[in-house]
Amino acid sequence: MLSPTPEPEDRSHALVVPSDALPGTIFLLAQDSRPFFPGQAYPVVMSAELWLPTFKALRDRGQDVVGVLMAREPLQEAPRPSQLHRVGTLCRIHKLQRHDDVLHVLLEGLERFEISSWTRETLPLAARVRYHPERALPPSDADEVKAYAVAVINTLKELVPLNPLYGEELKVFLARSNPNAPAQLADFAASLTSADSPALQRILETLPLLSRLEKVLELLRHEVAIARAQKEIRDHVDHTVQDHQRKAFLREQLKFIQKELGLSKDDRQADADRFRKRLEARKVPEAVEKRLEEEFEKLTVLEPSSPEYNVTRTYLDWASRIPWGHYGRDQLDLATAAAVLDRHHSGLEDVKDRILEHLAVGALRGEVGGSVLLLLGPPGVGKTSLGAALAEAAGRPFFRFSVGGLRDEAEIKGHRRTYIGAQPGKLVRALVDSEQMNPVILIDEIDKLSQGPGGDPSAALLELLDPGQNHSFLDHYLDLPLDLSRALFLCTANQLDTIPAPLLDRMERITLSGYLAEEKIAIAERHLLPRRLAEAGIPRKAFKLPRASLRSLIEHYAREAGVRQLDHTLGKLARKSARRLLEDRNAILRWDAAALTEALGPAPEPPAPPRDRPGQALGLAWTAVGGATLPIEVSAVPDKQGGLTLTGQLGSVMQESATLAWQHLRDRAPALGVDLSDLLEQRIHLHVPAGATPKDGPSAGITIATALLSLALGTAPKRRLAMTGELTLGGAVYPVGGIREKLVAAQREGVKTVLLPAANARDVAPLPAAVTKGLTLHYVSHFEEVAKLAFPALRKGT
């Protein structure tokens, strides 16, 4: 430990009584927290590495005083003179101790000083200084200074009851404070405030006492305002806490009194009784009952304030809300079921027949058994609403949840009960909301499942949708076997490609192919238009939409397979009608063709069919949004190397179909009476329009071969002809899927003749007559038949 006490015999640089002269050159310390004021004691912790040389220099000179300056900014290293204020406080060193890398110093402020010039600008810092002792007050300022001093004392007294942090030190100072010593009072009051360092430095640099007192009083007033606000907050919090404690104490007393009198039970017993009462009305399986009894025993020994109590209580709450053993009675009258389906949906007769067949089996057995149905079809054909209609027809509650974009299997099977806040999965919620064990559960958008870090939801659905496993379905949260074998599961999807094969294998497929124009008209008149008019508040008699206008609207503005766009378009007409009715209450709104064009704008033009020129053919394709026509174009450019160029964003299967069709045509050209010598010396370019849309599949095989044959013959195929079918290398035509959708698309695009694989005749037979109305169907089994039907001249030639 360094001893700062000077040697007695050396009085040349020692600090003496205030009446003696103070040293003109002093060593300096720098600190960046708060400035020091005369008359106050300050304990300081400093870096030994930086400031130990300064204290050694003080010892060598025999001084026990040092100047303290405030830094203008936080110090990260040895300070430079430019970083320090020029006004500081001379302090006496009372105690100096070193602990490891820091110095503990106790300083007492003596007097203000100002730097005159620097004698050493590196550590240890030293400078010549000029002192500013307190001057005697002129008589003219004495009364005013005394008034300010009294105001400072009174303000300090206000702080005592407001902020207990000031403690005994403030009380002791106020007891011995004197308005006749205003300088000491001002410095003490300034050091007492929580003002920032720049504000305190300005007070230190204010030498006129009257100005200094004014600034200090301003700081104190601000301090009182802060302390008063803090006290109000503290009192409010204390009052609230005390009030809560008082109520809790009284509540506990009341519970004890009521318990002693037999008037009430404690929270644990009340919760347990409530859960047991729910279970009394259920037929709980023996294994489940045993497990729940263990949870009840745990509930009775846990403290209600513990987290484990809330976890157990929440678990029993969910478990007791499950409708164990409760199965609703099915509505087995097929006439009633058919009326419900007809009321909800127009068209889709084949789909309704499938549903009624399913209900008929249940009528013979006495109940509708559990099963898994997949409603497959493009958007807007009514898959979800058909599920609700099926539930109403069967007399069962309906629960729907969507798994589109679902990445966490816990949404289906629940979270494991290992943390506070865990919840069961969607299936438990379905049973609780339905209040019976055999509801109709619709799993929407099953083709849009995703796989993420939370597991594979499709794997979780395997257990749920497997009739051989779902009689003991385990939710991770409940960890109790749930019998879902009598529940009716419906799934909806737009396409099959993205559904995992094991999951698809567990579902019975019902295809909703889309609506014909006549069906859309019936849906609009019976369902969509009345609902839109009711939503807009338009009287039915004031809105006139002739059937011819409705047909035109469907053919030009709502050509998709479903009716969603038709619904949006009718909603737009209803909104425009509402605005016109506000302008003229007696108006009769008649929407003819001209009015539709004015309200909806020009109708979007459908893709133009191929023109009657060589090298073109029209195919039929299935897409996730329904059937569509697929025009194919072929041209040739001189190139001795020959070859085949494919464009239009074709998939690998479709590229193979194009290569195969060209190879087959080259092999069979002589039999067809076609000369390919010119084409073999040219590069064939095959393009499928709508290049931004990916295309794939084998069903365009005969269409590509027909387009190539058309180019070779220099003759366009038969007008209004479309086709679909897979072509083999030997020329056989294989069956394809999506026949209904493709026929609907052909009918919509004005096609008159359709070529289909012979094996697809079985798919056409059960279709409604409206699907094939106006179409001439030819079934082909070999490409030579396709060629003769597309180019009648070939048939005449043979």
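Axes here are lines fitted to C-alpha atoms, for helices over the stretch in contact, and angles run from 0 to 180 degrees between N-to-C directions. The model is predicted.

**Exercise 1. Describe how helix α8 packs on helix α9.**

Step 1. Two packed helices are described by the angle between their axes and the distance between the axes.

Step 2. Locate the pair. Helix α8 covers residues 286-301, and helix α9 covers residues 307-321.

Step 3. The angle is about 145°, and the axes are 10 Å apart.

Step 4. α8 and α9 make a left-handed crossing.

Step 5. Name the residues. α8 brings Arg291, Leu292, Glu295, Phe296, Lys298 and Leu299 to the contact. From α9 come Glu308, Tyr309, Thr312, Arg313, Tyr315, Leu316 and Ala319.

Step 6. Sort them. Seven residues of this contact are nonpolar, one is polar and five are charged.

**Exercise 2. State how α10 is oriented relative to α11, and explain why.**

Step 1. Locate the pair. Helix α10 spans residues 334-344, and helix α11 spans residues 349-365.

Step 2. Read the geometry. The two pack at an angle of about 150°, with 10 Å between their axes.

Step 3. Apply the cut-off. Angles over 145 degrees count as roughly antiparallel, so α10 is roughly antiparallel to α11.

Step 4. α10 passes α11 in a right-handed crossing.

Step 5. Name the residues. On α10 they are Leu334, Ala337, Ala338, Leu341 and Asp342. On α11 they are Lys352, Ile355, Leu356, Leu359 and Ala360.

Step 6. Sort them. The contact of α10 with α11 has eight nonpolar residues, no polar ones and two charged ones.

**Exercise 3. Decide whether Leu374 is buried or exposed, and list what Leu374 contacts.**

Step 1. Leu374 sits in strand β7, residues 371-376.

Step 2. Apply the cut-off. Buried means under 20% relative accessible area. Leu374 has 0%, so Leu374 is buried.

Step 3. List the contacts, leaving aside neighbours within four places in sequence. They are Ile446, Cys491, Thr492, Ala493, Leu496, Ile499, Leu504, Met507, Glu508, Arg509 and Ile510.

Step 4. Check one of these partners. Cys491 is also buried, because its relative accessibility is 0%.

Step 5. Take a distance. Leu374 and Val150 are 224 residues apart in sequence. In space, their C-alpha atoms are 90 Å apart.

**Exercise 4. Find how many disulfides the structure has.**

Step 1. Recall the term. A disulfide is a covalent bond between the sulfur atoms of two cysteines.

Step 2. Set the cut-off. The two sulfur atoms must lie within 2.5 Å.

Step 3. Search the whole structure. The search finds zero disulfides.

Step 4. Look at one cysteine. Cys91 has a relative accessible area of 0%, so Cys91 is buried.

Definitions and conventions
Residues numbered from 1 in each chain as written. Predicted model: local features only at pLDDT ≥ 70, side-chain atom pairs only at ≥ 80, totals over all residues. Heavy atoms only, no water. Buried < 20%, exposed > 50% of the residue type's maximum accessible area, 1.4 Å probe, protein only. Helix = DSSP H or I, 4+ residues; strand = E, 2+ residues; numbered from the N terminus. Parallel < 35°, antiparallel > 145°, perpendicular 65-115°, else oblique. Left-handed = near helix turned anticlockwise from the far one by under 90°. Contact = heavy atoms within 4.5 Å. Nonpolar A, V, L, I, M, F, W, Y, C, P; charged D, E, K, R; others polar.
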